[in-house]
Amino acid sequence: MNSRTEARDAAINDPASDAKTPQSRSANSRDVNLEITGMSCAGCAGRVEKSVGGLEGVTSVDVNLALNTAHVAFDGDKVGVRRIAQAVADAGYSVAEETWSYDIDGMTCANCAGRVEKALAALPGVTEATVNFALEQASITALPGQMSDEIAIRSVEDAGYHATSRNKSSANDNDDSETAARSDKPVDRSLLLLGASVVLTAPLVLQMLWMYLGVEYHLPAWVELALATPVQFLIGWRFYRGAFAALRHRSANMDVLVALGTSSAYFLSLYNMIVAQSGQSHLYFEASAAIITLILGGKIMEDRAKRGASAAIRELMALRPRRARKIVDGKDIDVAIDELKVGDIVRVLPGERLPVDGIVDAGESELDESLITGETRPVARLAGDEVVGGAVNGTGRIDIKVSAVGDDTTLSRIIRLVEKAQTGKAPVQKLVDRVSAVFVPVIIVIALVTLAGWLFAGFGMEASIVAAVSVLVIACPCALGLATPTALVAGTGSAARAGILIRNFDALEQAHNIDTVIFDKTGTLTEGSPTVRDVKPVDGVDQNDLLRLAAAVQAASEHPLARAVVSIARDQGMDIPDVTEFRGKTGAGVMATVEGKSVVIGTDTMLRDQSVSMPDADVISADISQHEARGRTVILIAIDGKYGGFITLEDRIRESAKQTISDLKARGINSIMLSGDSQEVASYVAEQLGLERGEGRIRPQDKALAVEKLRKEGRHVAMVGDGINDAPALAAADVGIAMGGGTDVAMETAGITLMRSDPALVADAIDISIATRRKIAQNLFWAFAYNVIGVPLAAFGVLSPAIAGAAMALSSVSVVSNSVMLRRWKARGAQK
């Protein structure tokens, strides 16, 4: 971390840059070094300089192509680092960034979260800062070398709160009990305070109830004072502390409202008792004590509900074992997970969790992967099969060869994706943040207007203060601040349990509008494991030679069709020769030299482009069409410029595919399939599944164009795929959905990732997105409605301070509880 801090200081205080533009620098002149990725020539450097240099406030730009860096001097009052990074992106390049995360303690409402977010966003080198009030977490995106834990934590503490780093490996790998302790200890302490507060407040409230029942009995005034004082200043100190911190930083939060309201009721009672010497009927100690007790109880209920909303991430964290049995010289050695390396062999006994990702080296068993993929049924795993860490071993003992450790494991990647989603912000939250920023000052003004209005109406100072107190304590910015993040946390958590990872809120926001879903065929609607059905050589070509030569060329390719051809050749015991001069043409085929022969494999277009001689073309075409009409894929083979025959392959349609299309159609969503296979194969599959249409001979670049075309027609498009060739279309769609069995490129490009290759989860992903958005709308409606209705009622004296305090406490609880109901959501795909 020290090197990063030094680099930051060097970047900001570079004297060389000061010397370059001495007259153009303002009081807030700053320098920053950016690491640029994607530049390949001087023209690239020029475009970056032009884009960044055109920003108002940028005084100089120096791009070093050799180092892939840009040194920018700018006026911090006119432009920020985020805008500079965006200018680099607008030029077609990207700025390298780092992500930092922290737990934040001491926040009481959305205004607190906004103040922390503002403090972090103002740090040098920070391009984005988000604070999630529901999770009490902050996430920072910053330029490399310009951020450290010390800087971020100091900034949070200066804002009046406390931050704990989550960036070191130990922070993520601590024992789960420590995580539980962090969230439980404050609640346990609060429970003790609540218990004491209830005991002290109960006599005050009971005497009020006795009065309503006609029993004329009052506690002595000094007893009321003795009971209310510790509640006000000891148990309620947390509200004073929060209010002082907020006011010191020129802002206001919920604590300000509570402290003002309860203090007004308490000191009015004290005045009546000592100065005015009024009777007990003019004391409001029970109101001040009851407000603090009720709000404290509400905060505890709120905290527990928030932990329920965020339970998914803790469940995922709990899946990571801390130790493993490493096999060394045939003996089991108990080691920490951190000590394992790729290639080690670990042994997993029945009933234990798999500590790492790997490949079964020996033994066989059934694994429960439900909390990782959402698959409810145990999955059989044999020698050679891939397994994921966190899965529960069944009845068999298995030895696993480690293939990934630490942050590279599937479980760690899932946790990172879920954490990133849950700590982000939905677009609607920006509006809520703006409202919350002015909420408390507006309520204070309304309380003052209420006080003046009641005085002007002739009700006297005492009644006027009571009405103003009711306004202060019924207003609740917490409900507004919690409405969106708790629903998002609960929704993304429930989705993760079902094997649906929502990577960003744009996907969540757009999913409810989807009216068209485009499916890739191979690996999405079909199983992605085609098998060879026929090998048809022409006269004069040996069938085994044709298959052997084809397998030799296909062995250099990772395409599913290629793997199928290689697999059958090896099953038949063929010796597959090496190839030279291998070349591929995306979406068309491959070619290479095998044993001195030029071999071309692919579509008829590919063979024509290579000037392959094809006698009896009409007969060959008719033969191929018969196979394709039955849904089989045909690949043609040419040897030394002459047509040599073809191989047919069949990829079975997934069992859930037809029901998925039916479910989408029931939701009013059309389904289209784009495939690189022939039009005949595409039409056959489309007819079998009931698709709107199926298009064949679609090249990867054409998929993205097809998406854009549909969007220009006014459709809201989701793209579902699993391969590298689907990445452009996934990025172009309103919502990209990657099948979990696919490539990392597809998963990183898509907004939603399905952890198992089941198209049924597509409908489920849309469902949970709609359900989450509906919860957000409900929460925001009730949060706004509560304040819009409650504040006027309090201002007109309809609600007493104690009842207003209870309503304030319950408002946040009701919003969070409504969000927690999303935990009941179940994926239909998992139920089938």
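Mentor: Before we start, a definition: two strands pair if DSSP finds at least two bridges between them. Helices (H or I, at least four residues) and strands (E, at least two) are DSSP runs, numbered from the N terminus.

Trainee: Thanks! What kind of model is this?

Mentor: This is a predicted model, so local features need pLDDT of at least 70, side-chain atom pairs count only at pLDDT 80 or more, and totals for chains, interfaces and linings use all residues. Residues are numbered from 1 along each chain as its sequence is written, and side-chain values use heavy atoms, with hydrogens and water left out.

Trainee: How many helices and strands are in the protein chain?

Mentor: The protein chain has 32 helices and 30 strands. It has 832 residues, and 52% of them count as buried. Buried means under 20% relative accessible area, exposed over 50%, and partly exposed in between (1.4 Å probe, protein chains only).

Trainee: And what share of the contacts is between residues 24 or more positions apart?

Mentor: Among contacts with a separation of 6 or more, such residues account for 69%. Contact means heavy atoms within 4.5 Å.

Trainee: Let's look at a sheet. In what order do the 6 strands of the open sheet come?

Mentor: The order is E10-E9-E11-E17-E12-E15, and the pairing is antiparallel. Strand E10 (331-336) and strand E15 (386-387) stand at the edges with a single partner strand each, so one side of each has no neighbour in the sheet.

Trainee: How many bridges are there between E11 and E17?

Mentor: Strand E11 (residues 345-348) pairs with strand E17 (residues 398-404) over 4 bridges, in the antiparallel sense. You can find Ile 345 opposite Lys 401 in E17, and Val 348 opposite Ile 398 in E17.

Trainee: Which strand is joined to E11 by 2 bridges?

Mentor: That is strand E9 (residues 323-328), which runs antiparallel to E11. Here Lys 326 stands opposite Val 346 in E11.

Trainee: What sits in the loop between E9 and E10?

Mentor: Asp 329 is found there. Its phi is positive, about 55 degrees, although Asp 329 is not a glycine. For background, most residues other than glycine have a negative phi.

Trainee: Is Asp 329 buried or exposed?

Mentor: Asp 329 counts as exposed, because its relative accessibility is 77%. Glu 581 also has a positive phi, near 55 degrees, and is a residue other than glycine. Glu 581 lies in strand E21 (residues 579-585) and is exposed, with a relative accessible area of 63%.

Trainee: New topic: helices! At what angle do H5 and H6 cross?

Mentor: The axes of helix H5 (residues 110-121) and helix H6 (residues 149-158) cross at roughly 140 degrees and come within 9 Å. Axes are lines fitted to C-alpha atoms, for helices over the stretch in contact, and angles run from 0 to 180 degrees between N-to-C directions.

Trainee: What do we call that arrangement of H5 and H6?

Mentor: H5 and H6 are oblique to each other. Angles under 35 degrees count as roughly parallel, over 145 as roughly antiparallel, 65 to 115 as roughly perpendicular and the rest as oblique.

Trainee: Which residues in H5 meet H6?

Mentor: Val 116, Ala 119 and Leu 120 in H5 meet Ala 152, Ser 155 and Val 156 in H6. By class, this contact of H5 with H6 has 5 nonpolar, 1 polar and no charged residues. Ala, Val, Leu, Ile, Met, Phe, Trp, Tyr, Cys and Pro count as nonpolar, Asp, Glu, Lys and Arg as charged, and the others, Gly among them, as polar.

Trainee: Back to sheets. What is the pairing in the open sheet of 7 strands?

Mentor: The pairing is mixed, and the order is E18-E30-E29-E28-E19-E26-E27. On average, neighbouring strands of this sheet are turned by 20 degrees against each other, direction ignored. One of the pairs is strand E29 (residues 735-739) with strand E30 (residues 752-754), parallel over 3 bridges. There, Ala 738 has Thr 753 in E30 as its bridge partner.

Trainee: Which strands does helix H26 touch?

Mentor: Helix H26 (residues 679-689) packs on the sheet and touches E26 and E27, and its direction makes about 155 degrees with that of E27. Helix H25 (residues 657-666) lies across strand E19 (516-520) and strand E26 (670-674), running at about 165 degrees to E19.
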